[in-house]
Amino acid sequence: MSSQLMELQQTVQMSVMQNALNLNTSTAIELLQDLPQQVPTHPYKGSIIDISV
């Protein structure tokens, strides 16, 4: 009986942890999707030519 209770307790704990991880992951994905999509510009691309011979 005691071992069954411990197994049940462990199963419930794992389920709660899995649900918390899933919630955190979905929240992080939503935050990333809400960020404005910006393409970073190169600081000197197209304005400086660096040629080595």
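User: Why does Val12 count as partly exposed?

Analyst: A residue is called buried under 20% relative accessible area and exposed over 50%, with partly exposed in between. In this predicted model, Val12 has a relative accessibility of 46%, and therefore counts as partly exposed. Val12 belongs to helix 1, which covers residues 2–34.

User: Which nonpolar residues form a patch on the surface?

Analyst: In such a patch, nonpolar side chains are joined within 5 Å. Here Val12 forms one with Leu5, Leu8 and Val16, and together the four have about 390 Å² of accessible area.

User: How should I read Ser15, and how far is Ser15 from Ser26 in space?

Analyst: The cut-offs of 20% and 50% apply again. Ser15, also placed in helix 1, has a relative accessible area of 38%, so this serine is partly exposed. From C-alpha to C-alpha, 17 Å lies between Ser15 and Ser26, which are 11 residues apart in sequence.

User: Where is His42 placed?

Analyst: His42 is found in the segment after helix 1. Its relative accessibility is 46%, so His42 counts as partly exposed. His42 and Val12 are 30 residues apart along the chain, and 51 Å separates their C-alpha atoms.

User: How many helices and strands does the chain have?

Analyst: The chain has one helix and zero strands.

User: What radius of gyration does the chain have, beside that of a compact globule?

Analyst: For 53 residues, a compact globule would have a value near 10 Å, whereas this chain has 26 Å. The C-alpha trace spans about 80 × 30 × 10 Å along its principal axes.

User: What percentage of the residues is buried, and what is the accessible surface of the chain?

Analyst: Buried residues account for 0% of the 53 residues. The accessible surface is about 5,700 Å², and carbon and sulfur atoms contribute 61% of that area.

Technical notes:
Residues numbered from 1 in each chain as written. Predicted model: local features only at pLDDT ≥ 70, side-chain atom pairs only at ≥ 80, totals over all residues. Heavy atoms only, no water. Helix = DSSP H or I, 4+ residues; strand = E, 2+ residues; numbered from the N terminus. Rg over C-alpha atoms; globule rule 2.2 N^0.38 Å. Buried < 20%, exposed > 50% of the residue type's maximum accessible area, 1.4 Å probe, protein only. Areas by Shrake-Rupley, 256 points an atom, 1.4 Å probe, with all protein chains shown as cover. Patch = residues over 30% accessible without salt bridge, like charges linked within 9 Å, V, L, I, M, F, W, Y side chains within 5 Å. Salt bridge = Lys/Arg side-chain N within 4 Å of Asp/Glu carboxyl O.
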